[in-house]
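Please prepare a structural briefing on the protein chain shown below.

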Amino acid sequence: MNFPLRTLSILFCLWYCGSTFANNPNRLRIACYNTESLCDTLRDSEIEDSAFTPQGSNHWNTGRYTTKITNIARVIDDLKADLLVLEEIENENVLRDLMFATQSDYNYIHRDSRDRRGMDVVLLYRSSRFFPLHTKLISGKGLSREALFVKGVLANGDTLSVIGVHLPSKQNAQSYRLNALLSLRTVIDSILTRNPSEKLIVLGDFNTEPITRQTMRTLRLTDALSIESDPTEDRSLYTPFLRLSRKGYGSLIYRDRRQLFDFIAFSRSLLIDNSLYYNGSCGIFVRDYLLDSESPFKGYPLRSFRNGRYTAGYSDHLPVYLDLETQPIE
(Lines give C-alpha, C1' and ligand atoms only; values in the text may rest on other atoms or scores of the structure.)
Protein backbone atom coordinates (compact mmCIF):
# COMPACT_ATOMS: atom_id res chain seq x y z
CA MET A 1 0.00 0.00 0.00
CA ASN A 2 1.89 3.07 -1.24
CA PHE A 3 -0.97 5.44 -0.54
CA PRO A 4 -1.15 7.08 2.90
CA LEU A 5 1.47 9.89 2.78
CA ARG A 6 0.17 11.44 -0.43
CA THR A 7 -3.36 10.88 0.82
CA LEU A 8 -2.80 12.88 3.98
CA SER A 9 -1.37 15.86 2.09
CA ILE A 10 -4.30 15.85 -0.34
CA LEU A 11 -6.86 15.51 2.42
CA PHE A 12 -5.30 18.38 4.36
CA CYS A 13 -5.67 20.61 1.32
CA LEU A 14 -9.31 19.70 0.96
CA TRP A 15 -9.90 20.25 4.66
CA TYR A 16 -8.54 23.80 4.32
CA CYS A 17 -10.63 24.53 1.25
CA GLY A 18 -13.72 23.29 3.06
CA SER A 19 -13.58 26.15 5.56
CA THR A 20 -13.77 28.90 2.88
CA PHE A 21 -17.42 29.99 2.77
CA ALA A 22 -18.37 28.70 6.21
CA ASN A 23 -19.63 32.04 7.56
CA ASN A 24 -21.15 33.50 4.39
CA PRO A 25 -24.91 34.07 4.94
CA ASN A 26 -25.48 33.96 1.17
CA ARG A 27 -23.88 30.55 0.86
CA LEU A 28 -26.10 27.50 0.32
CA ARG A 29 -24.13 24.33 0.99
CA ILE A 30 -25.29 21.15 -0.75
CA ALA A 31 -23.67 17.90 0.44
CA CYS A 32 -23.98 14.13 0.47
CA TYR A 33 -22.62 11.43 2.75
CA ASN A 34 -22.77 7.64 2.62
CA THR A 35 -23.05 6.68 6.30
CA GLU A 36 -22.10 3.02 5.66
CA SER A 37 -24.85 0.83 7.08
CA LEU A 38 -26.43 3.05 9.70
CA CYS A 39 -28.64 0.29 11.12
CA ASP A 40 -30.50 -0.27 14.35
CA THR A 41 -30.09 -3.46 16.40
CA LEU A 42 -33.51 -4.95 15.65
CA ARG A 43 -34.09 -7.85 13.27
CA ASP A 44 -36.41 -7.01 10.37
CA SER A 45 -37.65 -10.14 8.63
CA GLU A 46 -38.35 -8.22 5.41
CA ILE A 47 -34.72 -7.20 4.77
CA GLU A 48 -31.25 -8.72 5.07
CA ASP A 49 -30.08 -7.12 8.32
CA SER A 50 -29.20 -10.13 10.49
CA ALA A 51 -25.53 -9.09 10.70
CA PHE A 52 -26.60 -5.89 12.46
CA THR A 53 -28.17 -7.52 15.50
CA PRO A 54 -26.61 -8.49 18.86
CA GLN A 55 -26.56 -12.14 17.76
CA GLY A 56 -25.28 -11.37 14.26
CA SER A 57 -21.75 -11.44 12.85
CA ASN A 58 -21.17 -7.76 13.72
CA HIS A 59 -22.43 -8.19 17.31
CA TRP A 60 -24.34 -4.97 16.73
CA ASN A 61 -25.53 -3.99 20.21
CA THR A 62 -26.91 -0.81 21.76
CA GLY A 63 -23.44 0.51 22.60
CA ARG A 64 -22.14 0.14 19.05
CA TYR A 65 -25.32 1.60 17.60
CA THR A 66 -25.14 4.61 19.92
CA THR A 67 -21.50 5.19 18.99
CA LYS A 68 -22.35 5.10 15.29
CA ILE A 69 -25.23 7.55 15.74
CA THR A 70 -23.01 9.90 17.76
CA ASN A 71 -20.25 9.71 15.16
CA ILE A 72 -22.48 10.46 12.17
CA ALA A 73 -24.18 13.29 14.08
CA ARG A 74 -20.76 14.84 14.70
CA VAL A 75 -20.00 14.82 10.97
CA ILE A 76 -23.37 16.37 10.15
CA ASP A 77 -22.84 19.17 12.68
CA ASP A 78 -19.34 19.93 11.42
CA LEU A 79 -20.32 19.79 7.74
CA LYS A 80 -22.88 22.59 8.19
CA ALA A 81 -24.79 21.78 5.01
CA ASP A 82 -28.12 23.42 4.23
CA LEU A 83 -29.30 20.44 2.19
CA LEU A 84 -27.70 17.09 2.91
CA VAL A 85 -28.38 13.77 1.18
CA LEU A 86 -27.58 10.73 3.33
CA GLU A 87 -27.26 7.20 2.01
CA GLU A 88 -27.51 3.86 3.83
CA ILE A 89 -30.06 4.81 6.47
CA GLU A 90 -31.95 1.66 7.48
CA ASN A 91 -35.29 3.18 8.46
CA GLU A 92 -37.06 6.23 9.85
CA ASN A 93 -36.48 5.20 13.48
CA VAL A 94 -32.73 5.32 12.86
CA LEU A 95 -33.13 8.70 11.21
CA ARG A 96 -35.04 10.04 14.19
CA ASP A 97 -32.32 8.86 16.58
CA LEU A 98 -29.78 10.62 14.37
CA MET A 99 -31.76 13.87 14.41
CA PHE A 100 -31.98 13.78 18.21
CA ALA A 101 -28.20 13.32 18.39
CA THR A 102 -27.29 16.32 16.24
CA GLN A 103 -27.01 19.88 17.46
CA SER A 104 -28.23 21.13 14.08
CA ASP A 105 -31.81 22.08 13.28
CA TYR A 106 -32.83 19.85 10.37
CA ASN A 107 -36.08 18.54 9.00
CA TYR A 108 -35.93 15.37 6.93
CA ILE A 109 -37.57 13.59 4.03
CA HIS A 110 -37.48 9.79 4.08
CA ARG A 111 -39.10 7.12 1.94
CA ASP A 112 -38.63 3.36 2.29
CA SER A 113 -36.82 1.86 -0.68
CA ARG A 114 -37.03 -1.70 -1.98
CA ASP A 115 -33.33 -2.30 -1.33
CA ARG A 116 -32.79 -5.85 -0.08
CA ARG A 117 -30.69 -4.56 2.83
CA GLY A 118 -33.15 -1.78 3.64
CA MET A 119 -30.69 1.01 2.84
CA ASP A 120 -32.57 4.23 2.11
CA VAL A 121 -31.65 7.63 0.67
CA VAL A 122 -32.86 10.61 2.73
CA LEU A 123 -32.70 14.39 2.54
CA LEU A 124 -31.98 16.64 5.50
CA TYR A 125 -32.80 20.30 5.05
CA ARG A 126 -32.85 23.48 7.09
CA SER A 127 -36.41 24.78 7.07
CA SER A 128 -35.10 28.34 7.24
CA ARG A 129 -33.45 27.85 3.84
CA PHE A 130 -35.64 25.34 1.95
CA PHE A 131 -39.34 24.48 1.83
CA PRO A 132 -40.20 21.21 0.02
CA LEU A 133 -43.09 21.25 -2.44
CA HIS A 134 -42.97 17.81 -4.05
CA THR A 135 -41.32 14.51 -3.18
CA LYS A 136 -41.22 11.12 -4.91
CA LEU A 137 -39.10 8.02 -5.32
CA ILE A 138 -37.63 7.49 -8.78
CA SER A 139 -37.67 3.88 -9.91
CA GLY A 140 -36.38 2.31 -13.08
CA LYS A 141 -34.26 -0.47 -14.49
CA GLY A 142 -31.09 -0.85 -12.42
CA LEU A 143 -32.30 1.41 -9.62
CA SER A 144 -32.49 -1.29 -6.95
CA ARG A 145 -32.36 1.59 -4.45
CA GLU A 146 -34.78 4.16 -5.79
CA ALA A 147 -33.49 7.71 -6.16
CA LEU A 148 -35.12 10.41 -4.04
CA PHE A 149 -36.51 13.44 -5.88
CA VAL A 150 -37.38 16.59 -3.92
CA LYS A 151 -38.45 19.93 -5.37
CA GLY A 152 -38.73 22.98 -3.16
CA VAL A 153 -38.45 26.72 -2.73
CA LEU A 154 -35.42 28.46 -1.23
CA ALA A 155 -35.59 31.39 1.17
CA ASN A 156 -34.71 33.81 -1.64
CA GLY A 157 -37.69 32.60 -3.71
CA ASP A 158 -35.78 30.38 -6.14
CA THR A 159 -37.03 26.89 -6.95
CA LEU A 160 -34.51 24.05 -6.66
CA SER A 161 -34.84 20.36 -7.51
CA VAL A 162 -32.62 17.69 -5.93
CA ILE A 163 -32.13 14.04 -6.90
CA GLY A 164 -30.32 11.93 -4.29
CA VAL A 165 -28.91 8.65 -5.57
CA HIS A 166 -27.20 5.48 -4.39
CA LEU A 167 -26.42 3.36 -7.44
CA PRO A 168 -25.63 -0.40 -7.41
CA SER A 169 -22.35 -1.31 -5.74
CA LYS A 170 -19.23 -2.72 -7.36
CA GLN A 171 -20.23 -6.15 -6.06
CA ASN A 172 -22.84 -6.18 -8.84
CA ALA A 173 -22.14 -6.56 -12.54
CA GLN A 174 -21.23 -3.40 -14.44
CA SER A 175 -24.46 -3.68 -16.40
CA TYR A 176 -26.42 -2.92 -13.22
CA ARG A 177 -24.81 0.51 -12.92
CA LEU A 178 -25.19 1.20 -16.64
CA ASN A 179 -28.91 0.46 -16.43
CA ALA A 180 -29.17 2.67 -13.35
CA LEU A 181 -27.32 5.51 -15.09
CA LEU A 182 -29.58 5.18 -18.14
CA SER A 183 -32.70 5.28 -15.95
CA LEU A 184 -31.37 8.31 -14.12
CA ARG A 185 -30.53 10.09 -17.38
CA THR A 186 -34.06 9.44 -18.66
CA VAL A 187 -35.49 11.21 -15.63
CA ILE A 188 -33.05 14.12 -16.00
CA ASP A 189 -33.97 14.49 -19.69
CA SER A 190 -37.67 14.56 -18.86
CA ILE A 191 -37.11 17.33 -16.29
CA LEU A 192 -34.91 19.47 -18.52
CA THR A 193 -37.07 18.94 -21.60
CA ARG A 194 -40.09 20.17 -19.71
CA ASN A 195 -38.15 23.14 -18.30
CA PRO A 196 -34.68 23.86 -19.78
CA SER A 197 -34.14 26.48 -17.05
CA GLU A 198 -34.73 24.00 -14.21
CA LYS A 199 -32.23 24.39 -11.36
CA LEU A 200 -31.41 20.75 -10.79
CA ILE A 201 -28.78 19.05 -8.63
CA VAL A 202 -27.97 15.32 -8.80
CA LEU A 203 -25.77 13.95 -6.04
CA GLY A 204 -24.91 10.91 -3.98
CA ASP A 205 -22.95 7.68 -4.13
CA PHE A 206 -22.74 6.66 -7.80
CA ASN A 207 -20.42 3.70 -7.12
CA THR A 208 -18.47 4.84 -10.17
CA GLU A 209 -16.17 7.77 -10.78
CA PRO A 210 -17.30 10.75 -12.86
CA ILE A 211 -14.31 10.38 -15.19
CA THR A 212 -15.19 6.88 -16.38
CA ARG A 213 -16.24 6.88 -20.03
CA GLN A 214 -19.53 5.14 -19.27
CA THR A 215 -20.51 7.62 -16.56
CA MET A 216 -19.49 10.73 -18.50
CA ARG A 217 -21.29 9.67 -21.66
CA THR A 218 -24.45 8.37 -20.03
CA LEU A 219 -24.99 11.29 -17.65
CA ARG A 220 -23.46 13.79 -20.11
CA LEU A 221 -21.06 15.11 -17.49
CA THR A 222 -18.78 18.01 -18.30
CA ASP A 223 -16.64 20.58 -16.51
CA ALA A 224 -16.50 22.89 -19.53
CA LEU A 225 -18.57 25.60 -17.93
CA SER A 226 -19.80 27.24 -21.12
CA ILE A 227 -22.63 29.76 -20.84
CA GLU A 228 -22.89 30.34 -24.57
CA SER A 229 -24.70 27.14 -25.57
CA ASP A 230 -28.40 27.13 -26.37
CA PRO A 231 -30.28 26.48 -23.10
CA THR A 232 -33.04 24.65 -24.97
CA GLU A 233 -30.48 22.18 -26.35
CA ASP A 234 -27.90 21.88 -23.59
CA ARG A 235 -28.96 19.18 -21.14
CA SER A 236 -25.46 18.41 -19.91
CA LEU A 237 -24.74 18.12 -16.22
CA TYR A 238 -21.82 20.21 -15.01
CA THR A 239 -19.59 18.94 -12.24
CA PRO A 240 -16.33 20.38 -10.90
CA PHE A 241 -15.70 16.95 -9.37
CA LEU A 242 -14.38 15.82 -12.75
CA ARG A 243 -11.26 17.89 -12.11
CA LEU A 244 -10.88 16.45 -8.61
CA SER A 245 -11.23 12.94 -10.00
CA ARG A 246 -8.61 13.57 -12.71
CA LYS A 247 -6.19 14.76 -10.02
CA GLY A 248 -6.63 11.54 -8.06
CA TYR A 249 -8.77 12.82 -5.19
CA GLY A 250 -11.19 10.32 -3.71
CA SER A 251 -14.09 10.08 -1.28
CA LEU A 252 -13.22 6.47 -0.41
CA ILE A 253 -10.59 3.81 -1.02
CA TYR A 254 -11.61 0.84 -3.12
CA ARG A 255 -9.09 -1.93 -3.73
CA ASP A 256 -6.29 0.23 -2.28
CA ARG A 257 -6.97 3.12 -4.66
CA ARG A 258 -8.61 6.49 -4.06
CA GLN A 259 -11.85 6.73 -5.99
CA LEU A 260 -14.42 9.50 -6.21
CA PHE A 261 -17.67 7.54 -6.06
CA ASP A 262 -19.46 10.44 -4.34
CA PHE A 263 -19.96 13.59 -6.39
CA ILE A 264 -22.38 16.39 -7.23
CA ALA A 265 -23.56 17.55 -10.68
CA PHE A 266 -25.97 20.29 -11.68
CA SER A 267 -27.86 21.77 -14.60
CA ARG A 268 -26.73 24.68 -16.77
CA SER A 269 -29.04 27.18 -15.05
CA LEU A 270 -26.85 27.19 -11.96
CA LEU A 271 -24.02 28.64 -14.07
CA ILE A 272 -25.89 31.60 -15.52
CA ASP A 273 -28.57 32.59 -13.02
CA ASN A 274 -28.12 35.81 -11.05
CA SER A 275 -30.07 34.76 -7.95
CA LEU A 276 -28.74 31.22 -7.44
CA TYR A 277 -25.46 30.04 -8.93
CA TYR A 278 -22.40 27.88 -8.33
CA ASN A 279 -19.73 30.02 -6.67
CA GLY A 280 -16.71 27.82 -7.44
CA SER A 281 -16.41 26.15 -4.03
CA CYS A 282 -16.59 22.38 -3.74
CA GLY A 283 -14.58 19.58 -2.21
CA ILE A 284 -14.25 16.49 -0.07
CA PHE A 285 -14.97 17.18 3.59
CA VAL A 286 -12.23 15.92 5.91
CA ARG A 287 -11.39 16.09 9.60
CA ASP A 288 -8.66 14.19 11.42
CA TYR A 289 -11.21 12.14 13.32
CA LEU A 290 -12.61 10.78 10.03
CA LEU A 291 -9.29 9.14 9.17
CA ASP A 292 -7.72 5.92 10.39
CA SER A 293 -4.53 6.51 12.37
CA GLU A 294 -3.24 2.92 12.39
CA SER A 295 -0.76 1.55 9.85
CA PRO A 296 -1.06 0.18 7.22
CA PHE A 297 -4.46 1.93 6.97
CA LYS A 298 -3.28 5.35 8.08
CA GLY A 299 -5.10 8.02 6.13
CA TYR A 300 -7.95 5.75 5.06
CA PRO A 301 -11.51 6.72 6.07
CA LEU A 302 -12.12 5.31 9.55
CA ARG A 303 -15.01 2.88 9.23
CA SER A 304 -16.95 0.92 11.85
CA PHE A 305 -15.26 -2.38 10.95
CA ARG A 306 -11.90 -3.14 9.41
CA ASN A 307 -11.28 -6.70 8.23
CA GLY A 308 -14.02 -7.93 10.53
CA ARG A 309 -12.70 -6.09 13.62
CA TYR A 310 -14.84 -3.41 15.25
CA THR A 311 -13.05 -0.04 15.13
CA ALA A 312 -15.83 2.32 16.36
CA GLY A 313 -15.39 4.52 13.30
CA TYR A 314 -17.60 6.58 11.04
CA SER A 315 -17.87 5.39 7.44
CA ASP A 316 -15.83 4.06 4.55
CA HIS A 317 -16.86 7.22 2.65
CA LEU A 318 -16.07 10.89 3.18
CA PRO A 319 -18.74 13.55 2.60
CA VAL A 320 -18.56 15.80 -0.45
CA TYR A 321 -20.02 19.27 -0.78
CA LEU A 322 -20.70 22.07 -3.23
CA ASP A 323 -21.56 25.71 -2.43
CA LEU A 324 -24.10 27.84 -4.22
CA GLU A 325 -24.45 31.59 -3.87
CA THR A 326 -27.91 33.00 -3.23
CA GLN A 327 -29.21 36.50 -3.89
CA PRO A 328 -32.77 37.87 -3.55
CA ILE A 329 -34.82 37.60 -6.72
CA GLU A 330 -35.42 41.09 -8.10
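This is a predicted model: local features need pLDDT of at least 70, side-chain atom pairs count only at pLDDT 80 or more; totals for chains, interfaces and linings use all residues.

Residues are numbered from 1 along each chain as its sequence is written, and side-chain values use heavy atoms, with hydrogens and water left out.

**Overall fold and dimensions**

- The protein chain contains 7 helices and 17 strands; helices (H or I, at least four residues) and strands (E, at least two) are DSSP runs, numbered from the N terminus.
- For 330 residues, a compact globule would have a radius of gyration near 20 Å, and the 19 Å of the protein chain agrees with this. The radius is taken over C-alpha atoms, and the globule rule is 2.2 Å times the number of residues to the power 0.38.
- Along the principal axes, the C-alpha atoms fill a box of roughly 55 × 45 × 40 Å.
- Of contacts between residues at least 6 apart in sequence, 70% join residues at least 24 apart, where contact means heavy atoms within 4.5 Å.

**Surface and charge**

- Of the 330 residues, 58% count as buried. Buried means under 20% relative accessible area, exposed over 50%, and partly exposed in between (1.4 Å probe, protein chains only).
- The accessible surface of the protein chain is about 14,500 Å², and 48% of this belongs to carbon and sulfur atoms. Accessible areas come from the Shrake-Rupley method with a 1.4 Å probe; for residues, only the protein chains shown count as cover.
- The 40 positive and 39 negative charges have mean positions 5 Å apart. Lys and Arg count as positive and Asp and Glu as negative, while His and the chain ends are not counted; the place of a charge is NZ of Lys, CZ of Arg, CG of Asp or CD of Glu.

**Salt bridges**

- The whole structure holds 22 salt bridges, a salt bridge being a side-chain nitrogen of Lys or Arg within 4 Å of a carboxyl oxygen of Asp or Glu.
- R29 and D323 form one of them, with an N to O distance of 2.8 Å. Since R29 belongs to strand β1 (residues 27-38) and D323 to strand β17 (residues 320-326), the pair ties together parts that are 294 residues apart in sequence. Both R29 and D323 are buried.
- E92 and R96 are also paired, their closest N and O atoms being 3.5 Å apart. Both residues lie in helix α3 (residues 92-101), with a spacing of 4 residues, about one turn of the helix. E92 is partly exposed at 31% relative accessible area, and R96 is likewise partly exposed at 39%.
- In the pair E209 and R257, the closest N and O atoms are 3.4 Å apart. E209 is buried at 6% relative accessibility, whereas R257 is partly exposed at 45%.
- A network of salt bridges links R27, D82, R126 and R129.

**A buried loop residue**

- D115 is located in the loop between β3 (107-110) and β4 (120-125) and is buried, with a relative accessibility of 8%.
- Apart from neighbours within four places in sequence, D115 is in contact with I47, S144 and R145.
- The C-alpha atoms of D115 and G63 are 26 Å apart in space, and the two residues are 52 apart in sequence.

**Backbone geometry**

- The peptide bond joining S295 and P296 is cis, with omega about 0°. P296 lies in the loop between β14 (276-284) and β15 (305-306).
- K80, a residue other than glycine, has a positive phi near 55°. K80 occupies the loop between α2 (62-79) and β2 (83-89) and is partly exposed at 42% relative accessibility.
- D256 is not a glycine, yet its phi is positive at about 65°. D256 sits in the loop between β11 (252-254) and β12, and its relative accessibility of 43% places it as partly exposed.
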